Amino acid sequence: MIPFNKPFLTGKETQYIQEAVQSGKLSGNGIFTQKCQAFFEQEYGFKKALLTTSCTDALEMCALLADIQPGDEVIVPSFTFVSTAIAFVRQGATIVFADSYSDNPNMDASQLEALITPKTKAIVPVHYAGVACDMDVIMDLANRYNLLVIEDAAQAIDSFYTGKEGVKRALGSIGHLAAFSFHETKNIISGEGGMLTINDERFIHRAEIIWEKGTNRAEFFRGEVNKYGWVDTGSSFLPSEVIAAFLWAQIENLALIQQKRNTLWNAYYQGLQSVPSVTLPQLPEYATNNGHMFYIVLPSLSARTQLIRYLQEAGYHAVFHYISLHSSPYYQSKHDGRNLIHSDKFTNCLLRLPMFYELRIENVKSIAKCINEF
């Protein structure tokens with residue numbers, strides 16, 4: 001069986017973990033944490049990067065930094081993972097779900113202004129499959145209505161947006177705040193892990209305090225204060241050096257990993273572009289491709305179910321993705337009742353194909369052939 005995902009090890013993960021152990025500094029914010037954060041800041045232009053134990057944690061930090069209060073409204077796409085919404089629900093926010101484009105799972109930026117009310121506090125664009133949302137439109141709305149933009153860039157490492165100014169900007173560097181994932185299904189991994197990026201300087205100081213359990217411990221270890229204590233809310237968002245050491249081995253091979261994933265993505269596209277009943281991913285002109293995922297959209301739920309079974313019997317594990325959050329058992333009764341037809345279409349019809357570093361071009365061609373035969 002060709003699996004949907006297989007974590008890729010570069011070969012240096014255990015070496016760096018051993019170095020972290022031998023350093024005598026296993027708790028977070030040691031040498032490897034700082035190396036990882038410095039890389040992301042320098043490579044992608046984030047004003048501040050803080051590793052977290054998960055993308056969910058990074059989103060929860062965003063909700064705290066945004067000072068989300070009961071009654072605030074936060075605009076979130078319905079076609080996303082539950083973490084995108086629950087980070088704000090935990091602070092008491094009302095979630096206002098946005099529909100997807102007809103040809104793209106990302107939130108339809110042209111429909112967002114109609115969702116803004118005096119209670120709206122933030123917009124949370126999710127860059128699905130590492131493909132950029134229309135950030136110029138979203139940031140313009142945020143500026144006009146005095147809103148925060150929090151990018152859910154879980155799948156978007158090493159992916160970029162080229163907007164009306166013609167300047168290529170890394171996803172996660174455009175909104176006020178952003179969250180990334182290094183879960184084992186992502187392009188670079190640490191098993192579980194994430195990162196908060198901060199692009200608005202007014203949030204940097206408080207972010208470090210929230211990150212360090214509500215204390216000014218980070219300032220203390222930099223010698224900026226002579227003692228540290230409890231100064232704000234926070235939690236244990238900081239990962240251990242073991243996680244950071246693993247991630248550093250992945251970062252060192254980021255260019256190699258990205259080259260291979262994009263090669264696989266292009267092979268899928270070439271092999272499937274002539275299948276009449278299958279819709280392939282659409283890349284807007286303002287978006288780059290980071291090869292995170294290759295998906296197809298089938299005509300119906302029954303067609304997708306049959307194809308999953310057909311591929312399974314042929315030895316290939318393909319999987320569907322999110323179930324629209326507006327129709328979830330937890331939030332259905334709280335949703336405002338709008339029909340989100342495109343989100344529901346992707347819920348029923350989108351199918352993700354195997355994608356991981358060690359997948360071979362021959363495997364991709366075989367999967368494409370299988371789908372053509374189906």
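Helices here are DSSP runs of H or I at least four residues long, numbered from the N terminus. Keep that in mind as you look around this model, which is predicted.

Let's start with helix 9, residues 254–272, which holds both W265 and Y269. The two sit 4 residues apart, about one turn of the helix. Their rings form a stacked aromatic pair, with 5.5 Å from centre to centre and 15° between the planes. W265 has 6% relative accessibility, so it counts as buried, while Y269, at 29%, is partly exposed.

Another is F8 with Y357, whose ring centres are 3.9 Å apart. Why is this pair called stacked? Its planes meet at 25°, and planes under 30 degrees apart count as stacked. F8 comes before helix 1, and Y357 is in the loop between strand 11 and helix 12, so the pair ties together parts that are 349 residues apart in sequence. Both F8 and Y357 are buried. Elsewhere, ring pairs join F39, F40, Y44, F46, F160, F180 and F182 into a cluster.

K334 lies over the face of Y330, 4.3 Å from the ring centre, and the charged end of K345 sits over the ring of F346, 4.6 Å from its centre.

Now for some strands. Strand 2 (residues 73–77) runs parallel to strand 4 (residues 120–123), joined by 3 bridges, and I75 has I123 as its bridge partner. Strand 4 also pairs in the parallel sense with strand 5 (residues 148–152), over 2 bridges. To get from strand 4 to strand 5, the chain passes through helix 5 (residues 135–145), making a right-handed β-α-β crossover.

Definitions and conventions: Residues are numbered from 1 along each chain as its sequence is written. This is a predicted model: local features need pLDDT of at least 70, side-chain atom pairs count only at pLDDT 80 or more; totals for chains, interfaces and linings use all residues. Side-chain values use heavy atoms; hydrogens and water are left out. Two strands pair if DSSP finds at least two bridges between them. A crossover is right-handed if, with the strands pointing away from the viewer, the path from the first strand over the helix to the second runs clockwise. Rings of Phe, Tyr and Trp (its six-membered ring) pair if their centres lie within 6.5 Å; planes under 30 degrees apart count as stacked, over 60 as edge-to-face and the rest as tilted. Buried means under 20% relative accessible area, exposed over 50%, partly exposed in between (1.4 Å probe, protein chains only). A charge sits over a ring if NZ of Lys or CZ of Arg is within 6 Å of the ring centre and within 35 degrees of the ring normal.
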